[in-house]
Protein chains: 2
Amino acid sequence: MPELRKDPIVGRWVIVATERGKRPSEFLPNPVEVVDPSKDPFAEGNEHLTPSEVYAQRKPGSKPNGPGWQVRVVPNRFPALRIEGELDKEPCGIYDRMNAIGAHEVIIETPDPNLPLEQQPVDGIARVFEAYRVRMADLLRDQRFRYILIFKNHGRQAGATLPHPHSQLIATPVTPNHVKEKLEGATRYFAYKDRSIFEDILRQETREGLRLVYENDGFVAFCPFASRFPFEVTVMPRRQSPDYHAIQPEEMPFLADAMRVTLQKLSKALNQPQYNYIIHTGPVRRPRQGYWTTIDLDFRWHIEILPRLTLIAGFEVGSGFYINPTPPEEAAKYLREITV
Amino acid sequence: MPELRKDPIVGRWVIVATERGKRPSEFLPNPVEVVDPSKDPFAEGNEHLTPSEVYAQRKPGSKPNGPGWQVRVVPNRFPALRIEGELDKEPCGIYDRMNAIGAHEVIIETPDPNLPLEQQPVDGIARVFEAYRVRMADLLRDQRFRYILIFKNHGRQAGATLPHPHSQLIATPVTPNHVKEKLEGATRYFAYKDRSIFEDILRQETREGLRLVYENDGFVAFCPFASRFPFEVTVMPRRQSPDYHAIQPEEMPFLADAMRVTLQKLSKALNQPQYNYIIHTGPVRRPRQGYWTTIDLDFRWHIEILPRLTLIAGFEVGSGFYINPTPPEEAAKYLREITV
């Protein structure tokens, strides 16, 4: 009998097939594109093809916007939001608009166009996540921004327009709806139980082990109970903190290790699937009243990894109702058994 | 300057490119599949290839599950939910689950596998929408169900597994999250303004005409102010009613005409695009207190048409944050100018 499962944070119901789970081999393979570095704007030596860098980790003695970097952050050449100007919030009859002021940056994860993130050593992955942290910490000082969204689109079907491994940062003057829903759900649970829902989830997942994918001393990776997508994985820190940018230096190697192992397992199990990941973190401006006053206790930053194995039908986007053909328990079992 | 626009009902912010709107010719064409009726389980004469029909409009004298029908409704052969059994709601530690009890039906819109819905005459389209109404009115008597979702996936990328024109009905024991958000948004607006937001939207769209696509005496088709997708269109009745199944016989020809004209315009402008549509209607069981007590005044059923011209990145699903490359004003202007 298929099940209806409720996401404990946002209350979303998902239909989970429990009888015949779709096995990894039943999903379509993802053709891997091999990139010619000479035509790749993100490759080392082509720094002049991107806007000037806003951050880089470089070898001693190398110069900005030249070769010699390991990670490089540049403004998006085709930004969805513009960095300069005023918000000019105004009505349009009954509607509301403002200028799309914000930052849109690209984090180039490696000079090598053909080196996927999970194939980097732990310290290479840590460099990428440190670049996220530095850019976030810098941008949150801009009073116009409410939220900083960091995400990765890997593969064309996942929204990547260039195959060179990269992530994106979008700083916006509004908080995305799904973030708000998570924050509100976390606050509601805390008000009712006087416990953090993230702590309760972590306790159940590590004790039961049914949906566990990997854990180390700093982080736990598991397939969420009400996964919308086959092989969806959440990576969550053991330490309570609402803000990604407040990650401690000693946590970074554990995060890099957890991401490396999880992404390698997904890559091996699903034959290098296309995927997205998103860092869910607290908003950078917080009202002093109402919702979110307990955010330091009730909300915990985390990463959602969404492999793109099934089509996202507009129907699902329109209704918020998902059908997941692979039970998360089965997905987690596969991923646990994969050795990397 | 790109804009941030807020959906007036659910409060979702969307980035709308206003400078260089993506023109219809810039989107990828959709290859049209021609179906061989002999291999098509939905074709006339192949009725034995589907489960027994639960409803059909037939020529006088024709027999159930044989030829002679215009519209035919059958249970889905691979249902996401099962019709028989108890819900057995129960906890799983901190989580909640229940059996996925529900109905999953297929509305076969025509015996002709190669006749798209919009190419049918008005009375053919009215027959399809009448089939929706009849099935909805029948299923809502089942006390286990809370919501009846009617939608159409047209084209493979839009989630259709068979090209023969068909729609789907899913009756569920829970209300989808996006429906709840709309209901709550509508109730909030009504509590604040003592007016229906749907009436206010309709007034502004018909007066300004900027985003208007088509109108007749019963229905208005327009591109919503905060469209998530290029060429998104909403079709809304002029008469206040929360429930699709309460549509009046005299409204039906106007609905069929509005859908026919809108879908023909989209088909001509965008070269037969893949699309989804979803009927947003009130839930079938309503609490007597709290939210939704004003539903008869504040919520109005409507249809969302979502052409599938851009990829839905997991990022967008994960964050709820959409970037729309075509301003709805430009999309509406194109669609108004297309003659059908």
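This is a predicted model: local features need pLDDT of at least 70, side-chain atom pairs count only at pLDDT 80 or more; totals for chains, interfaces and linings use all residues.
Biologist: Which strand of chain B pairs with strand 1 of chain A?

Modeller: Strand 1 (residues 3–6) of chain A pairs across to chain B in the antiparallel sense, over 4 bridges. One of the residues involved is A:Glu3, whose bridge partner is B:Asn99. The strand of chain B is strand 6 (residues 95–99).

Biologist: What stands opposite A:Arg97 in strand 1 of chain B?

Modeller: Strand 6 (residues 95–99) of chain A meets strand 1 (residues 3–6) of chain B. The two run antiparallel and are joined by 4 bridges. Opposite A:Arg97 stands B:Arg5.

Biologist: How are the two copies related, and by what rotation?

Modeller: Chain A superposes on chain B with an RMSD of 0.0 Å. The shift along the axis is 0.0 Å. The copies are thus related as by a two-fold rotation axis. The rotation is 180°.

Biologist: What percentage of the contact residues of chain A recur in chain B?

Modeller: The contact takes 55 residues from chain A and 55 residues from chain B. On the side of chain A that touches chain B, the residues divide into 30 nonpolar, 15 polar and 10 charged. The same surface serves both copies, and the share that recurs is 100%.

Biologist: Why is chain A called as compact as a globular protein of its length?

Modeller: Chain A has 7 helices and 15 strands. For 340 residues the globule rule gives 20 Å. Chain A comes close to that, so it is as compact as a globular protein of that length: its radius of gyration is 20 Å.

Biologist: What percentage of the residues of chain A count as buried?

Modeller: The C-alpha trace of chain A spans about 60 × 50 × 40 Å along its principal axes. Among contacts between residues at least 6 apart in sequence, 71% join residues at least 24 apart. Of the 340 residues, the buried share is 52%.

Biologist: What ipTM does the predictor give the complex?

Modeller: Chain A has a mean pLDDT of 92, and 96% of its residues reach 70 or more. For the complex, the pTM is 0.94 and the ipTM is 0.91.

Note on methods: Residues are numbered from 1 along each chain as its sequence is written. Chains are lettered from A and ligands numbered from 1 in the order in which they are written. The radius of gyration is taken over C-alpha atoms; the globule rule is 2.2 Å times the number of residues to the power 0.38. A residue is buried if 20 or more other C-beta atoms lie within 10 Å of its own, exposed if 12 or fewer, and partly exposed in between; C-beta atoms are placed from the backbone. Two residues are in contact if their C-beta atoms, placed from the backbone, lie within 7 Å. Ala, Val, Leu, Ile, Met, Phe, Trp, Tyr, Cys and Pro count as nonpolar, Asp, Glu, Lys and Arg as charged, and the others, Gly among them, as polar. Two strands pair if DSSP finds at least two bridges between them. Copies are superposed by least squares on the C-alpha atoms of residues with pLDDT of at least 70 in both. pLDDT is the predictor's confidence in each residue, from 0 to 100.
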